[in-house]
Amino acid sequence: MDARLNLFDNPVASKTLKHFVAAGKALADDLPASTRELVLLRASQINGCGFCVDMHTKDAAHAGETSTRLHLVAVWREATVFTDAERAALELTEQGTRIADAAGGVTDEVWANAAKHYDDAQLGALVSVIALINALNRLNVITRQPAGDYQPGQFG
């Protein structure tokens with residue numbers, strides 16, 4: 001599969017990606033790394049972004065995440081390997097990613113559950129990470145970025 005647009009060679013897309021990468025780095029220390037990678041992976045699965053699924057699976061594994069947990073992210077509700085905090089983050093990710101599927105967006109119940117496990121700064125980071133990965137997923141899906149060649153740490 002060939003990409004419709006080379007995001008790295010296109011001056012506007014490249015400039016935008018640099019800001020997205022900077023935003024991601026700015027949020028890196030505000031959530032546990034494992035939670036962040038699980039959130040990035042789950043949103044990417046929902047959005048069908050092969051490039052990001054490839055990237056975040058490999059980055060998480062490289063950082064020490066187990067293959068069992070990575071394989072079970074798509075079915076996290078039925079899996080016993082996630083903490084209550086991770087479950088709250090994954091539920092917030094799903095509702096925040098599937099906004100169009102529910103007229104009310106993220107429910108008060110899901111928000112309250114996330115707030116039980118994360119402080120205000122972490123909630124801000126969680127919401128920002130969810131919004132950021134959804135934007136990146138859309139860039140990649142629209143331009144059909146191919147998956148499979150990513151190497152951990154490739155983008156710094």
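Student: What does Gln-95 touch, leaving aside its neighbours within four places in sequence?
Tutor: Gln-95 is in contact (heavy atoms within 4.5 Å) with Gly-105, Val-106, Thr-107 and Val-110, once neighbours within four places in sequence are set aside.

Student: What kind of model is this, and how are things counted?
Tutor: It is a predicted model, in which local features need pLDDT of at least 70 and side-chain atom pairs count only at pLDDT 80 or more, while totals for chains, interfaces and linings use all residues. Residues are numbered from 1 along each chain as its sequence is written, and side-chain values use heavy atoms, with hydrogens and water left out.

Student: OK. Which helix holds Gln-95, and is it buried or exposed?
Tutor: Gln-95 is in α5; helices here are DSSP runs of H or I with at least four residues, strands are runs of E with at least two, and both are numbered from the N terminus. Gln-95 is buried because its relative accessible area is 18%. Buried means under 20% relative accessible area, exposed over 50%, and partly exposed in between, using a 1.4 Å probe and protein chains only.

Student: How do α5 and α6 cross?
Tutor: Their axes come within 9 Å and cross at roughly 145°. Axes are lines fitted to C-alpha atoms, for helices over the stretch in contact, and angles run from 0 to 180 degrees between N-to-C directions. α5 passes α6 in a left-handed crossing; left-handed means the near helix is turned anticlockwise from the far one by less than a right angle, and right-handed means clockwise. The contact is made by Asp-84, Ala-85, Ala-88, Glu-91, Leu-92 and Gln-95 of α5 and Val-110, Trp-111, Asn-113, Ala-114 and His-117 of α6.

Student: And α6 with α7, at what angle?
Tutor: Roughly 125°, with the axes of α6 and α7 coming within 9 Å. The two helices are therefore oblique to each other: under 35 degrees counts as roughly parallel, over 145 as roughly antiparallel, 65 to 115 as roughly perpendicular, and the rest as oblique. α6 passes α7 in a right-handed crossing. Trp-111, Ala-114, Ala-115 and His-117 of α6 make the contact with Gln-122, Leu-123 and Val-127 of α7.

Student: How many residues does α7 have, and what caps its N-terminal end?
Tutor: α7 has 23 residues and reaches 33 Å from first C-alpha to last, close to the 33 Å expected; the expected span is 1.5 Å times one less than the number of residues. Asp-119 caps the N-terminal end, with a side-chain oxygen 3.1 Å from the backbone nitrogen of Ala-121.

Student: What do the buried residues of α7 pack against?
Tutor: They pack against α1, α2, α3, α5 and α6. Asn-134 in α7 counts as buried because its relative accessibility is 8%.

Student: Which polar contacts does the Asn-134 side chain make?
Tutor: Asn-134 and Arg-138 are joined through their side chains by a polar contact of 3.1 Å, and the side chain of Asn-47 makes another with that of Asn-134, at 2.9 Å. A polar contact is a pair of N or O atoms within 3.5 Å; within protein, one must be able to donate a hydrogen and the other to accept it, and residues adjacent in sequence count only if both atoms are side-chain atoms. Asn-47 lies in α2.

Student: What is the phi of Arg-144?
Tutor: Near 55°, a positive value in a residue other than glycine. Most residues other than glycine have a negative phi. Arg-144 lies in the segment after α7 and counts as partly exposed because its relative accessibility is 43%.
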